[in-house]
Amino acid sequence: AEEGASLFVNPMTVQAFLTTMRDEGHTALIHTAAASNLGQMLAKLCVKRGVPLVAIVRSDAQRAVLAELGVTHIVDSSKDTFMRDLITAIGETGATLGFDAIGGGKIANAILVAMEQALLQRGEKGGVYGTSVHKQVYIYGRLDVGPTQLTAGYGLHWGVGGWLVSTHLAEVGMERTI
């Protein structure tokens, strides 16, 4: 199963992440579990294609792996400075799209909050309904099978949804998949 994922599923998922990004009008992305096998593939492709990537990791060792691949915006969720670092990285990249392998817990919420704060810091007008920029997080894994916890703090222009490579490939069709 691991070899199959490395041979087909992970590379197709990485390509599909970038297709989703472009199709939805985003210019940068955020990825959790970023030092995973799939995360490293994504990092290499983003570096190669010049796509700004905010990589979320949980340790200095994981940070080192991605830094060696050329990723410049790496944030560590285990650090006390995580939210500040995430807002800064999102502000520098302009990322408004996240792919979350964790699923449960508060990481999707943290990403949305950081996106909104970064937009405000970049000068987007906010108000009672937040900025008018759509912020999207797709959950594509369930490393944490607990509930996804969402709060407030990112206005009303946001979405959280499920994302599967098989569904994405079916939606784009055979010609585009090939």
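Trainee: Is threonine 93 buried or exposed?
Mentor: Threonine 93 is buried, because its relative accessible area is 10% and the cut-off for buried is under 20%. Keep in mind that this is a predicted model.

Trainee: Okay, and which helix has threonine 93 in it?
Mentor: Helix α4, which covers residues 82–93.

Trainee: What lies 3.0 Å from a polar atom of that threonine 93 side chain?
Mentor: The backbone oxygen of alanine 89. There's also the backbone nitrogen of alanine 95, which lies 3.2 Å from a polar atom of the threonine 93 side chain.

Trainee: Leaving out residues up to four places away in sequence, which ones does threonine 93 touch?
Mentor: Ala28, Pro52, Val54, His73 and Arg122.

Trainee: Let's do the sheet. What's the strand order?
Mentor: The order is β3-β2-β1-β4-β6-β8, in an open sheet of six strands with parallel pairing. At the edges you have β3 (73–76) and β8 (158–162), each pairing on one side only. Ignoring direction, neighbouring strands are turned by 15 degrees against each other on average.

Trainee: Which strands does helix α2 touch when it packs on the sheet?
Mentor: Helix α2, residues 37–49, touches β1 (29–31) and β2 (53–57). The direction of α2 makes about 155 degrees with that of β1.

Trainee: And where does α4 lie?
Mentor: Across β1, β2 and β3. Relative to β3, α4 runs at about 165 degrees.

Trainee: Back to the strands. How many bridges are there between β6 and β8?
Mentor: Five, with β6 (residues 135–139) and β8 pairing in the parallel sense. If you want landmarks in β8, glutamine 136 stands opposite glycine 159, and valine 137 stands opposite valine 160.

Trainee: What about β4 and β6, how many bridges there?
Mentor: Four bridges, again in the parallel sense, and β4 spans residues 97–100. Look at aspartate 100 there: its bridge partner in β6 is isoleucine 139.

Trainee: Why is β6 described as largely enclosed by the rest of the structure?
Mentor: Because five of the five residues of β6 are buried.

Trainee: Which residues are on which side of β6?
Mentor: Lys135, Val137 and Ile139 are on one side, with Gln136 and Tyr138 on the other. They're all buried, and both faces of the strand are covered.

Trainee: New topic: what's the phi of alanine 33?
Mentor: Near 50 degrees, a positive value in a residue other than glycine. Most residues other than glycine have a negative phi.

Trainee: Where does alanine 33 lie?
Mentor: In the loop between β1 and α2. Alanine 33 counts as partly exposed, because its relative accessibility is 22%.

Trainee: Last one, α4 and α5. What angle do they pack at?
Mentor: About 55 degrees, with their axes 8 Å apart; α5 is the helix at residues 107–121. That angle is why α4 and α5 are called oblique to each other.

Trainee: And is the crossing left-handed or right-handed?
Mentor: Right-handed, as α4 passes α5.

Trainee: Which residues of α4 meet α5?
Mentor: Phe82, Met83, Leu86, Ile87, Ile90 and Gly91 are the ones in α4. In α5 they meet a set including Ile107, Ala110, Ile111, Val113 and Ala114. Met115, Gln117, Ala118 and Gln121 of α5 are also among the residues met by α4.

Technical notes:
Residues numbered from 1 in each chain as written. Predicted model: local features only at pLDDT ≥ 70, side-chain atom pairs only at ≥ 80, totals over all residues. Heavy atoms only, no water. Helix = DSSP H or I, 4+ residues; strand = E, 2+ residues; numbered from the N terminus. Buried < 20%, exposed > 50% of the residue type's maximum accessible area, 1.4 Å probe, protein only. Polar contact = N/O pair within 3.5 Å; in protein donor to acceptor, adjacent residues only side chain to side chain. Contact = heavy atoms within 4.5 Å. Pairing = 2+ DSSP bridges. Axes fitted to C-alpha atoms, helices over the stretch in contact; angles between N-to-C directions. Parallel < 35°, antiparallel > 145°, perpendicular 65-115°, else oblique. Left-handed = near helix turned anticlockwise from the far one by under 90°.
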